[in-house]
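Please read this note with the sequence and the model side by side, and take the points in order.

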Amino acid sequence: MPVDSVLKAKVNKALSDPVLRGALGKFGDEFPISRARVYEGIDFEELRTAIANAKKEVIEDFEALADQFEANLKKRGAIVHRAKDGNDVYRILKDIAKAHNAKVCVKSKSMVSEEIHLNEHLKDTMEMVETDLGEWIIQQVNEKPSHMVMPAIHLSKERCAEIFSQALGRKVEPDISQMVQLARQTLRNHFLNADIGLSGCNAAIAETGTMVMFTNEGNGRLTATMPPVHVFLVGYEKLLKNFKDLALLAKALPRSATAQALTSYVTLISGPVETLKDKVGPEVVHKELHVILVDNGRRELLTDPVFKEAGQCTRCASCLNVCPVYQLVGGHVFGHIYAGGIGSLLTGFFNSLKETDHVQEMCISCGRCAAFCPGKIDIPRLILEMRNRVRKEIPLPGMQNFIVNTLKRRGLFQFGLRQASWATALFAKEGKDGNKYIRSLPFGFNRLANWRSLPAFSSQPFRERIKTMKQEVVNKRGKVAFFGGCVIDYAYPEIGESLVRVLNREGYEVVYPDQTCCGAPAIYMGSMDVAREVAKQNINEFAKDEFDYIVSACPTCTVALKDQWVQVLKGTDSEAKAKQVSAKTLDFIKLVSNLRKEKGGALKETAATTHVATSQQINVTYHDSCHLNWDLGVKEEPREVLKAQSHINFIEMNESDRCCGFGGSYCIKLPEISQELLKRKLKNIEESKAQIVAVDCPGCLMNIRGGLDKQGSNVKALHTAQLLDGKY
Amino acid sequence: MLTKTVDWLPYLPQGLDKEKLYQIFKEKAEAVPVKVIRAKDKAEAEDSIVQEMKVAGIKNAVGVPMDLVDIEAIKEKAKAAGITVSSELNRDIIEKAEFGISEFDLGIADTGTIVQDADSIHKRLVSMLPPIHLAVIPTKAIVETFLDSLEVIQKAYKGNPSNYIAYITGPSRTADIERVLTIGVHGPATLIVVCVD
Ligand code: SF4
Ligand code: SF4
């Protein structure tokens, strides 16, 4: 089962770990700020496009580049090995160790070695010593890294002091600089005595046969210098074509990883370097340099039509640093060896689909990570693809499976939603803002409603209401097809009514074509097949020439119509129609902004056209819905439109673009996480001192409104369409 | 005769604004933090190296043969101050020294970085084992960007870079415990760069 009691227990343990929560939370707050500072004056889009292009070239040609890399190294006297998997690596290393009668191996950081559990397999051959401080600490207690760049971020200094005390056999105080000095002294001896040095690398340049390490502590340099033998573990995805491509990586990797302009050390090794005979000198000899090119699922990844995009990863870990779920639970829950969203993809190939199952389920599909990725990888989309692949092997559990299958069956789906109106009516109570809420549910369902109230379903869905709505279109300019989406249709039909009135005033008649679910829930649960079915059921009604625009007031639906239908209908006879729909689709707030700008002049002048039933100034803040902001790139438009209303006093809340925790079916699957995300959102809303929080997504609205109701808050949550309609 | 196998100077980009690049280099390096000193000639550079050792209270230092300064002259001047400077290639001597002196080939203004052909084991040990590292670079060899440095290397080695090229930006550092920045893990905790005109 994808989300089972084992995962739930891990999630709950992480959520109640104050050290983890403190460390990750603080880091999550600080990282985006320091990162932005170090990228000042650099065009990030241009840079990451260049990186993505350079990596794409490598991916298309990686076998030939690996050959070139190997040939160049051999010319210089290096010994190059190819390893299919971990077993090959163990064997090669054991042979090297035997030939040199090696007792100690010092390691600088290598994620490949973590991925194949190298230390464990070689511990009977020689002593394996991690020399990166964080790696050394977790090695003492047999833990796995919880972050790709800061492996021990989950441990407090007190815990580190305990680990030091035990490892060194004496009491060590939790004083960080003292611990660092102790590590220097302890590991220095290992460096002096080691027989083999083992390193990972950040780049492998085919043109020159160069391996590049970006490090800060200096352990990479010592590992490459002190022992008479040096072994590099190189994953195929680390290849770069040209020597000068390294400049791109040097510009992005340290900035994205640790918010540094450059790491303390960048080391380029292209052949067996000088070393001292018998480790002490003075006679100088050449080292024995081994390079092991490791496959372990990489060839499959790099040739996969969908997932090869993940080969563009630089392992900077900035996607974890900004991920709201990672910030809550860390890399031992959201990760296997490689943490976070990208980790769930890599694990699927380097380990197995089964091992990534729990990991990929953690992603709430907020889309934030993609905006930060220097490899320009659409991580959230790939996670959905991974989920789809995993689901083919491991089916969904009961509740979610029921939902997905109901989506396919149009009649049953609509019947079910209607029945919900009378079923939920039994539990509905009126809230402070006059809306009907469900504050608790019977049986096992209470876990869904005990942390935020749910809306009572409307007795008359929007699809009925529009039939009797009188549309007064002044100076008619055209016709708009409205895709309502399930939440507006059945829970919040009044938002649909507001949308109609606002667009009427802009000169557009609104039609409501026959429609069913947009299919997004199926996509987010990993059922592309169901999504395709559902898209097909909708497409004919929307692919019509008479519509000037297709609009939705739910960004999740907008993304479905604009992007996902094209993806799922690719190669079917509906592909052309999907493209037609995509071209005309935009989100409500974007359409309003466009129309008002088109009318010429500033938004301010036209703001007077809004019929507002208030003479008083109101304080309004705005929550950025993930799919609107990160997927559709609409961030300024709602602010411009709201600020242009003379009666609105706009206040920016803290962290306006942080996920509210709704995530569609996610809040059914992992309510523990959703709840934490919502808590933080509500706090930011309350602290803004706004009277109204405006949102553009009915899902966020449901979540935030429910949370505010549960808290007995005086703040009202409204859809932007309602605000523009003057209905509050 | 030069101590290095490949001279990078002939391959610098044309028309560098030496003063401007030096100023940027100094500002960026100091932020990392690195102590940056400028010397107008060999003798002044040697004096400031000895002065740095005196200030740090050094007893035992190590260095490699260099072009920009004369290691023998440094030894002499240091001796007068009671400091022993060894240029012997012996790991244990270098490991016990408190101060290492070596020459680098290039500076990068953008990031305050120094770059070196470090195939020589002697150069590497002197710059990585002692807790203080002092590097001399030619002031005129400061380029603007990382990319510029790669181009110089490509040209100087005709597409076959030396086996070990080292880029150093500031002291050795870690933030592995509670993300608290701590200087001086495995490499030097202090980096001093003397730019020789
Ligand atoms: S989409 Fe959101 S939840 Fe998923 S990995 Fe990216 S940042 Fe994390
Ligand atoms: S996926 Fe992108 S952001 Fe994440 S580690 Fe890789 S390069 Fe960095």
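**Notes on the predicted model**

1. Helix α17(A) passes α19(A) in a left-handed crossing, where left-handed means that the near helix is turned anticlockwise from the far one by less than a right angle, and right-handed that it is turned clockwise. The helices concerned are α17 (residues 353-361) and α19 (residues 379-393) of chain A, whose axes come within 10 Å and cross at roughly 130°. That angle makes α17(A) oblique to α19(A), since angles under 35 degrees count as roughly parallel, over 145 as roughly antiparallel, 65 to 115 as roughly perpendicular and the rest as oblique. Axes are lines fitted to C-alpha atoms, for helices over the stretch in contact, with angles from 0 to 180 degrees between N-to-C directions; helices (H or I, at least four residues) and strands (E, at least two) are DSSP runs numbered from the N terminus.

2. This is a predicted model, in which local features need pLDDT of at least 70 and side-chain atom pairs count only at pLDDT 80 or more, while totals for chains, interfaces and linings use all residues. Residues are numbered from 1 along each chain as its sequence is written, chains are lettered from A and ligands numbered from 1 in the order in which they are written, and side-chain values use heavy atoms, with hydrogens and water left out.

3. In chain B, the axes of helix α2 (residues 42-55) and helix α3 (residues 71-80) come within 10 Å and cross at roughly 45°, and α2(B) and α3(B) are therefore oblique to each other. The crossing of this pair, α2(B) and α3(B), is right-handed.

4. Ligand 1 is surrounded by residues that include A:Cys323, A:Cys363, A:Cys366 and A:Cys369, a residue being near if one of its heavy atoms lies within 4 Å. By class, the shell around ligand 1 has 8 nonpolar, 3 polar and no charged residues.

5. Around ligand 2 there are 13 residues, and the closest are A:Cys313, A:Cys316, A:Ala317, A:Cys319 and A:Cys373. The shell around ligand 2 has 10 nonpolar, 2 polar and 1 charged residues, where Ala, Val, Leu, Ile, Met, Phe, Trp, Tyr, Cys and Pro count as nonpolar, Asp, Glu, Lys and Arg as charged, and the others, Gly among them, as polar.

6. Two backbone details deserve a look. The peptide bond from B:Val32 to B:Pro33 is cis, with omega near 10°, and B:Pro33 is found in the loop between α1 (18-31) and β1 (35-39) of chain B. A:Asp278 has a positive phi of about 55° although it is not a glycine, and A:Asp278 is placed in the loop between β10 (274-276) and β11 (284-286) of chain A.
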